[in-house]
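Here is a friendly walk through one protein model. Please keep the sequence and the 3D view at hand while you read.

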Amino acid sequence: MNALSYLNAPIWLLGVFGTEKSYRKNPIIGSPKLNRWGLHRKRVQVAAALAASRRRRLAASVPDEERRFFDENGYFLVRNFLPDDLYKALTEEVTSGPFEAREMRQGQTVTRMTPLPPNVLAANPALAKTVRDPRARAMIHYAASQGGQPQMFLQTVIAEPQRGKKDPQTDVHADTFHATSKAWLFLQDVGEEDGPFCFVPGSHKVTPERLEWEYQCSLTASTDGRNHHASGSFRIRPEELDALGLPQPVRMAVPANTLIVADTFAFHGRTPSDRPTTRAEVHWHMRRNPFLPWTGLDPLGLPGIRERELKLHLAYSDLREKVLKKRNVWRPVGSVELRSGPHI
């Protein structure tokens with residue numbers, strides 16, 4: 001163990017008690033010996049028990065019927081989510097002019113992200129009302145089993161199947177080892193052939209079969225050739241779903257103005273598209289320390305903080321790229337129309 005390793009050891013250990021998931025970057029989390037002894041299994045079990053406890057305290061904020069559906073399936077799906085007048089105002093705002101954006105290419109797919117700091121929300125009142133909608137927030141909190149403020153942004157997903165290289169997000173996967181939520185309000189119809197979101201109903205549950213699968217993955221993840229898998233976003237094959245007693249993924253082809261909120265500890269992915277497609281959505285993402293026993297006490301939930309966080313993070317990434325030559329995968333593309341073609 002070299003001097004740098006000794007210096008990093010407290011950081012690696014601290015990561016065990018937080019959201020850190022990479023088996024390559026954190027040698028404690030990635031240790032085959034510690035995982036044979038049950039390190040990963042215990043992290044999953046403790047995180048699941050705390051998530052269940054927090055959800056019980058958040059349950060009253062979600063209507064009973066919607067909550068029962070989520071508890072069984074692991075996602076919410078609400079059609080005609082926004083009133084017609086608000087949805088019309090929202091689509092007019094987001095399509096009426098350019099927004100500062102970043103893009104990331106993953107194989108055939110470009111994902112464009114527009115952060116929503118306070119000045120953007122102030123200039124777009126329908127967008128501000130949408131991202132702060134209390135019904136959406138309640139579902140996002142319940143799915144993540146956490147209170148606080150989610151990250152939120154506009155997102156455009158552009159599929160270019162002619163590029164040939166596979167999009168890694170089309171591998172069915174879990175984002176991490178604990179409950180976390182993502183939400184999408186779709187701004188146009190998403191058809192069966194448009195590369196829709198797919199989800200494995202019921203796969204958010206920590207069953208004995210799922211726990212054993214997690215354990216087996218943890219033994220070899222640090223040396224797995226699949227980069228995302230080795231980084232703690234475990235990929236699962238169709239035959240493995242069968243072995244876990246789970247159904248195959250359901251394709252979420254939905255009309256415009258549909259809200260989907262999912263616990264992305266469950267297995268999910270993007271469906272490959274055989275034709276060029278572009279879809280835009282309002283997107284929320286919520287992930288907090290899974291080992292916190294409380295649902296609140298989120299310093300980033302103070303007014304204006306979370307709205308600025310993503311932009312500050314991107315500025316920091318730009319600085320790291322410039323000074324340390326660390327590549328920033330989110331490339332700035334300037335002011336662009338929401339549904340225009342990719343720049344990378």
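This is a predicted model: local features need pLDDT of at least 70, side-chain atom pairs count only at pLDDT 80 or more; totals for chains, interfaces and linings use all residues.

The sections below take up the sheets, the helices and the cysteines in turn.

In it, eight strands come together in an open sheet, ordered 1-8-5-10-4-3-2-11, with antiparallel pairing. The edges belong to strand 1 (75–78) and strand 11 (331–336); each has a single partner strand, so one side of each is left without a neighbour in the sheet. On average, neighbouring strands here are turned by 25° against each other, direction ignored.

For a look at one pairing, take strand 4 (residues 151–159) and strand 10 (residues 277–286): they run antiparallel and are joined by nine bridges. Within this pair, Ala159 sits opposite Thr277 of strand 10. What lies across these strands? Helix 8 (residues 134–144) lies across strand 1, strand 4, strand 5 (181–186), strand 8 (259–263) and strand 10. Helix 8 runs at about 20° to strand 8.

Strand 6 (residues 197–199) and strand 9 run antiparallel, joined by three bridges.

Helix 3 has 20 residues, which at 1.5 Å a residue should span 28 Å; its end C-alpha atoms are 28 Å apart, in agreement. Its buried residues are Leu39, His40, Arg43, Val44, Ala47, Ala51, Arg54, Arg55 and Leu58. Looking down the axis of helix 3, you will find these buried residues within an arc of 125°, so they line one face of the helix.

Helix 9 (residues 208–220) has its own buried set: Arg210, Leu211, Trp213, Glu214, Tyr215, Cys217 and Ser218. These buried residues of helix 9 pack against helix 2 (32–36), helix 3 (39–58), helix 10 (227–230) and helix 11 (238–243).

## The cysteines

How many disulfides does the whole structure hold? The search finds zero. For Cys198, the closest cysteine sulfur is that of Cys217, 18 Å away and therefore too far for a bond, given that a disulfide needs the two sulfur atoms within 2.5 Å.

Are Cys198 and Cys217 buried or exposed? Cys198 counts as buried, at 6% relative accessibility, and Cys217 is buried too, with a relative accessible area of 9%.

Methods: Residues are numbered from 1 along each chain as its sequence is written. Side-chain values use heavy atoms; hydrogens and water are left out. Two strands pair if DSSP finds at least two bridges between them. Helices (H or I, at least four residues) and strands (E, at least two) are DSSP runs, numbered from the N terminus. Axes are lines fitted to C-alpha atoms, for helices over the stretch in contact, and angles run from 0 to 180 degrees between N-to-C directions. Contact means heavy atoms within 4.5 Å. Buried means under 20% relative accessible area, exposed over 50%, partly exposed in between (1.4 Å probe, protein chains only). The expected span of a helix is 1.5 Å times one less than its number of residues. The arc is that of the directions from the helix axis to the C-beta atoms.
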